[in-house]
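Please keep the sequence and the 3D view open while reading.

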Amino acid sequence: MTLNLLLRRTHIYLALFLLPWFGMYGISSLPFSHPEWFKPPDGGPQRTVRFDRSYQITVPQTSDLRETGARILQDNGLQGSFGVYQPNPQRLNVYLFSFWSATEITYFIDQKRLLAEDQPFRWSSFLTGLHARGGFEQESLLNDAWGVLVDFVSLGFLVWIGTGLYMWWQLQPTRFWGGLALGGGVLAFVLFLWRL
Amino acid sequence: MFSKFLRRTHMYLALFLVPWILIYALSTMAMNHRQFFTKRGDSPVRFEKESEQTYTGTFPLQATARQMALQLLKGLNLEGTFSMQGKPESERITILRHDPIFPRRITFAPKSGQLMVERQVFSAHTFLERMHRRRGYQHDRLLEDAWAISVDVVIAAIVFWALSGGWMWWELRATRMWGGACLMLGVGLFGLFLFSI
């Protein structure tokens, strides 16, 4: 196998394997770029309360609240991927999510009360959830595997650039217009960096 | 003819959008490993003082905080997209100028006229993340709209590359079997993730 063929095949097979991620990142960019297209005219369905009960836990004064979040979920029979944040000193929010559903759990520290609300399914949340999912902070192997694939997709983009440039250069009749397109793109991008 | 048109469009569009794709790829990696940067103790936003002066200009009567901010930015040659906090009667007005490379924080005390300009210390991962998140048509500037259009072009291009790439693959008979296997593997894996995490 020649280098030329190897690069061509890498370009195409990598693209076919990563096609679902590639398509997903393209389509799921739309709700970020055009949030107004995805807003239901009537505000859409409201959250539903799953439970609202008395509960007590000590919230530490440290920045890492993940342990407390995990404990809240465990104590209340909930599990899954989650994030924790403290919007103000009297509240702690645990956000439990999958691609299809999300539950917001609010602990009112001063009232010693725990409220869990299920969010209704929305296409915009589904798409933005797919797009933004990444990282390695969740405690499950599959979540880490998703994080690895996000890296792999990013690497895929770099490989497509490299192999694409190589294949373009091999096509002698396209060098002029290709050079113009590449130069135009770089120039436009630099202009944006300089003037935005 | 159609095939050649598709191939050329696929390639020229890709060549034009190389800088965008490069930024999105690198920024995705940086965001996927955000913990690494925060664990290193690298605070995402740090500012250093660039200048400090007493502002001697005057504002029109009944000027809003936004009008004041626009005037201040013009006087500093820092016109562009910004967000702000504060009112004319507040202790201070804080303006954040959204420059892609060096965002600036301008703090103005209306009573004393004290005007301080701070520049965000450059860090590669915050720059990449900023570029990744820059989008939308909510600003009043033509160039911001042009950037938002370029983001939409990237979105459309991604969909087009997926479709035209599929077409070009199918035309290459020799690659159908292994290509089909890669595609099925990718779809299967994606489906598994979709329903299990």
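Which residues does Leu115(B) touch, not counting residues up to four places away in sequence?

## Leu115 of chain B and its strand

The model is a predicted one. In it, Leu115(B) touches Gln53(B), Thr54(B), Tyr55(B), Leu72(B) and Phe108(B), with residues up to four places away in sequence left out of the count. Leu115(B) belongs to strand β5 of chain B, which covers residues 114–120. Because 20 other C-beta atoms lie within 10 Å, Leu115(B) is buried. Leu142(B) is 27 residues from Leu115(B) along the chain, and the two C-alpha atoms are separated by 28 Å.

Strand β5(B) pairs with two strands described here. Strand β1 of chain B (residues 47–54) runs antiparallel to β5(B), and seven bridges join them; in this pairing, Lys49(B) stands opposite Glu118(B). Strand β4 of chain B (residues 104–109) is also antiparallel to β5(B), with six bridges, and Ala109(B) has Gln114(B) as its bridge partner. A hairpin is formed by β4(B) and β5(B), with four residues between the strands. In that turn, Gly113(B) has a positive phi of about 80°.

## Strand pairing in chain A

In chain A, strand β3 (residues 91–97) and strand β4 (residues 102–108) pair in the antiparallel sense over seven bridges. Thr106(A) in β4(A) is the bridge partner of Asn93(A). The link from β3(A) to β4(A) is a hairpin of four residues.

Strand β4(A) also runs antiparallel to strand β5 of chain A (residues 113–119), to which seven bridges join it. Here Thr106(A) stands opposite Leu115(A).

## Helix α5 of chain A

Helix α5(A) has 30 residues; at 1.5 Å a residue they should span 44 Å, and the end C-alpha atoms, 42 Å apart, agree with this. The buried residues of α5(A) are Asn143(A), Trp146(A), Val150(A), Val153(A), Ser154(A), Gly156(A), Phe157(A), Trp160(A) and Gly164(A).

What do the buried residues of α5(A) pack against? In chain A, the partners are α1 (3–27) and β2 (81–88). In chain B, they are α1, α2 and α7.

## Helix α6 of chain A

The 21 residues of helix α6(A), residues 175–195, should span 30 Å at 1.5 Å a residue; the distance of 29 Å between the end C-alpha atoms agrees. Gly178(A), Ala181(A), Gly185(A) and Phe189(A) are buried in this helix. Seen down the axis of α6(A), the buried residues fall within an arc of 60°, so they line one face of the helix. An α-helix has 3.6 residues a turn, so residues three or four places apart point the same way.

The other side of α6(A) carries the exposed residues Arg175(A), Phe176(A), Gly183(A), Leu187(A), Val190(A) and Trp194(A). The cover over the buried residues of α6(A) includes α5 (141–170) of chain A, and also α1 (2–16) and α2 (18–32) of chain B.

## Contact between the chains

How many residues of chain B are in contact with chain A? There are 49, and they meet 50 residues of chain A. On the chain B side, α1, α2, α3 (34–39), α6 (142–171) and α7 (176–196) each supply at least two residues. Helix α6(B) gives the most, with 12 residues. By class, this side of chain B has 35 nonpolar, 10 polar and four charged residues.

## Domains

Chain A is assigned domain 1 (3–30 + 140–195) and domain 2 (45–121). The centres of these two domains, taken over C-alpha atoms, are separated by 39 Å.

Chain B is divided into domain 1 (2–40 + 126–196) and domain 2 (47–122), with C-alpha centres 37 Å apart. Six residues of domain 1 of chain B are in contact with four residues of domain 2 of chain B. Helix α5 of chain B (residues 124–133) gives the most to the domain 1 side of this contact, with three residues. The residues on that side divide into two nonpolar, one polar and three charged.

Key
Residues numbered from 1 in each chain as written. Chains lettered and ligands numbered in written order. Predicted model: local features only at pLDDT ≥ 70, side-chain atom pairs only at ≥ 80, totals over all residues. Expected span 1.5 Å × (residues − 1). Buried ≥ 20, exposed ≤ 12 C-beta atoms within 10 Å, placed from the backbone. Arc of directions from axis to C-beta. Contact = placed C-beta atoms within 7 Å. Nonpolar A, V, L, I, M, F, W, Y, C, P; charged D, E, K, R; others polar. Domains from an automatic or database assignment. Pairing = 2+ DSSP bridges.
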